[in-house]
Amino acid sequence: MGLAIGDALGATTEFLTPREIKAQFGVHKDIVGGGWLHLKPGHVTDDTEMSLALGRAIHEHGGIFSAQAAAEAFSTWMSRKPVDIGHTVRRGISAYRRTGLPFVADNPMNAGNGGAMRVLPVALATLGAPWDQVLRAIRLQAHVTHTCRLADAGTEIVVALIQTALRTATPGTNDLTPLVEIFSTDWPEFSPNGKPETNPSGFIVHTLRAVFQALLLSEGFETGLINVVNRGGDADTTGAILGMILGATHGTTAIPKRWIKKLNPVTRSACIEQAHALLGFSPAIGGTHRTLTL
Ligand code: MG
Ligand code: MG
């Protein structure tokens, strides 16, 4: 639900600059729809829709994850004329339809945030699985459209943050700062230190620098999301990714009621049902998740 709320909140300020947001809203803090997609309040974009499609694919296959099923789910989603779709995503799904291969060739130009924005179902279904299996599932779903080591690294840290947060017994007590710092030592381009990331692009480095800065600066779910979506740029996706991490950290009780009420009820129920179903497959609570290569 954190993902969907971040997406719905950020869609309003996607592609605006912080200055434009300030002129229009002062501080943007309510789910009001609009934006360049002219959304109804509470409606979501490709970030949430692709996540739900991936989650359904895992659920329908009884917790077995395969790249083929993910590619098929994304292809079905694309054929329903989504409100929004990224270039790299469209190219990857079109290639799958042409070749039947559920992965694209390695390409440094594929360093977009598309694999990270939809990775949540993998984080839930593999919670407690050995990390090499988690990595395998992350990459299989990402490589349907994005094959690139930088995008892989970014997608993997998002899952590591979500799973670390979920494994803490008391919501809100987990400080994710050390994990971000360790990751930034290996991948300095993602480091949240340095100048504030405003107007972040869909390049995974820009997206995640904005997410990390908002994560480390904020005390809770609400302040974090408000911080990140007011940076503008790819705000629905920074909102979606930070929403996953903060939702996992603070739990549903930390989500402001006004945002839950505004979220489209069909999306809201789908998120709740799917989160429960996917966690049911996770080894952390006794389920059996399995990953197939193709
Ligand atoms: Mg979007
Ligand atoms: Mg976006």
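Is threonine 237 buried or exposed? At 2% relative accessibility, Thr237 is buried, where buried means under 20% relative accessible area, exposed over 50% and partly exposed in between (1.4 Å probe, protein chains only).

1. Basis of the remarks. This is a predicted model, in which local features need pLDDT of at least 70 and side-chain atom pairs count only at pLDDT 80 or more, while totals for chains, interfaces and linings use all residues. Residues are numbered from 1 along each chain as its sequence is written, chains are lettered from A and ligands numbered from 1 in the order in which they are written, and side-chain values use heavy atoms, with hydrogens and water left out.

2. Metal site. Thr237 (OG1) coordinates the magnesium ion (ligand 2) together with Glu14 (OE), Asp234 (OD) and Asp236 (OD), at 2.0 to 2.6 Å. Donors here are N, O and S atoms within 2.8 Å of the metal (3.2 Å for Na, K and Ca); water is not among the atoms, so sites may look incomplete. The spacing of these donor residues in sequence is E-x219-D-x1-D-T. Asp236 also bridges to the magnesium ion (ligand 1), which lies 3.5 Å from the magnesium ion (ligand 2). Asp234 is buried, with a relative accessible area of 8%.

3. Helix pair. Helix H12 (residues 221–229) and helix H13 (residues 235–250) have axes that come within 9 Å and cross at roughly 165°. Axes are lines fitted to C-alpha atoms, for helices over the stretch in contact, with angles from 0 to 180 degrees between N-to-C directions; helices are DSSP runs (H or I, at least four residues), numbered from the N terminus. H12 and H13 are therefore roughly antiparallel, the term for angles over 145 degrees. Residues making the contact (heavy atoms within 4.5 Å) include Leu225 and Val228 of H12 and Leu242 and Leu246 of H13.

4. Nonpolar core. The largest nonpolar core holds 86 residues, of which Ile5, Phe190, Leu208 and Phe212 touch the most other members. Such a core is a set of buried Ala, Val, Leu, Ile, Met, Phe, Trp, Tyr and Cys residues joined through side-chain atoms within 4.5 Å. Helix H9 (residues 149–166) gives the most to this core, with 10 residues. Beyond neighbours within four places in sequence, Phe212 contacts Ile157, Leu161, Val180, Phe183, Phe190 and Pro192.

5. Backbone points to inspect. His38 is not a glycine, yet its phi is positive, near 55°; His38 is exposed, at 68% relative accessible area. Lys81, also not a glycine, has a positive phi of about 50° and is found in the loop between helix H4 (67–79) and helix H5 (87–99).

Notes:
Helices (H or I, at least four residues) and strands (E, at least two) are DSSP runs, numbered from the N terminus. Angles under 35 degrees count as roughly parallel, over 145 as roughly antiparallel, 65 to 115 as roughly perpendicular and the rest as oblique.
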